[in-house]
Amino acid sequence: MVILAIVGGLVALGVAGSVMRGVEESSGAGYPDAEYSLDVPKTLLGGRYELAQDLSDSEDARRIEDQAEGASGYKDTKAAVGQYSLGGDATKGTLVVSGMYGRFKNPDRTRESLLNGAAAGEGSQIAVPAQDFHPDGADGNTVTCEVLTKDQGGTEITVPICAWGDGNTGAAMTELTAATMTLDPAEVDLDKAAATAARVRSEMRKPI
């Protein structure tokens with residue numbers, strides 16, 4: 001389904017365009033050591049999703065790095081953006097991760113900025129406000145999830161977004177299928193979405 005790929009691109013663009021909002025308000029605490037990076041692996045979620053596009057060198061990804069360069073609260077930032085298809089077939093589902101790694105003073109601000117970026121995408125509205133979760137596999141870090149609705153060619157679709165942030169990595173993730181896009185936003189299982197995001201984090205986050 002072409003719409004899945006289109007939505008993925010819009011999510012990536014929204015995050016890239018707004019990731020640095022509020023940077024100047026970051027905590028004054030010192031920068032952590034660089035201990036982890038984000039990989040864009042060939043598969044995610046135990047092989048269920050296959051990499052369709054590694055967008056880490058795209059114009060939008062470079063915008064993340066450019067905005068972070070010299071900004072308060074971020075050092076040595078590199079983008080990691082990938083679009084995945086369910087079983088190699090985008091008509092069945094797509095998963096998009098838009099993130100970055102480096103040295104971040106304020107992980108909470110990173111997480112909030114990623115969600116703000118996704119919500120700021122053209123045609124997007126927040127249908128279910130952000131909620132915090134602490135799923136297994138997140139190493140005690142908070143995963144925040146919300147549900148957007150997006151106008152796509154006159155059709156309103158449901159888009160759950162989850163984001164994490166820690167001292168070295170931060171990313172926003174959305175998983176979409178033909179079935180979930182038509183759900184009432186209130187019916188989206190955000191606990192499950194947060195658990196999925198934590199698993200994606202564990203598969204992408206690699207020791208340096």
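Some ground rules. Residues count from 1 along each chain as its sequence is written, and side-chain values use heavy atoms, with hydrogens and water left out. In this predicted model, local features need pLDDT of at least 70, side-chain atom pairs count only at pLDDT 80 or more, and totals for chains, interfaces and linings use all residues.

Start with strand β7, residues 143-152. Strands here are DSSP runs of E, at least two residues, and helices are runs of H or I, at least four, numbered from the N terminus. Is β7 buried or exposed? Nine of its 10 residues are buried, so the rest of the structure largely encloses this strand. Buried means under 20% relative accessible area, with a 1.4 Å probe and protein chains only.

Now its partners. Strands pair if DSSP finds at least two bridges between them. β6, residues 124-133, runs antiparallel to β7, with seven bridges. There, Phe133 faces Val143. On to β8: 10 bridges tie it to β7, also antiparallel. Gln152 stands opposite Thr155. β7 and β8 make a hairpin with two residues between them. In that turn, Gly153 has a positive phi of about 60°.

Last, one contact. Which ring does the charged end of Arg205 sit over? The ring of Tyr36, with that end 3.6 Å from the ring centre. The cut-offs: NZ of Lys or CZ of Arg within 6 Å of the ring centre and within 35 degrees of the ring normal.

Terms used. Buried < 20%, exposed > 50% of the residue type's maximum accessible area, 1.4 Å probe, protein only.
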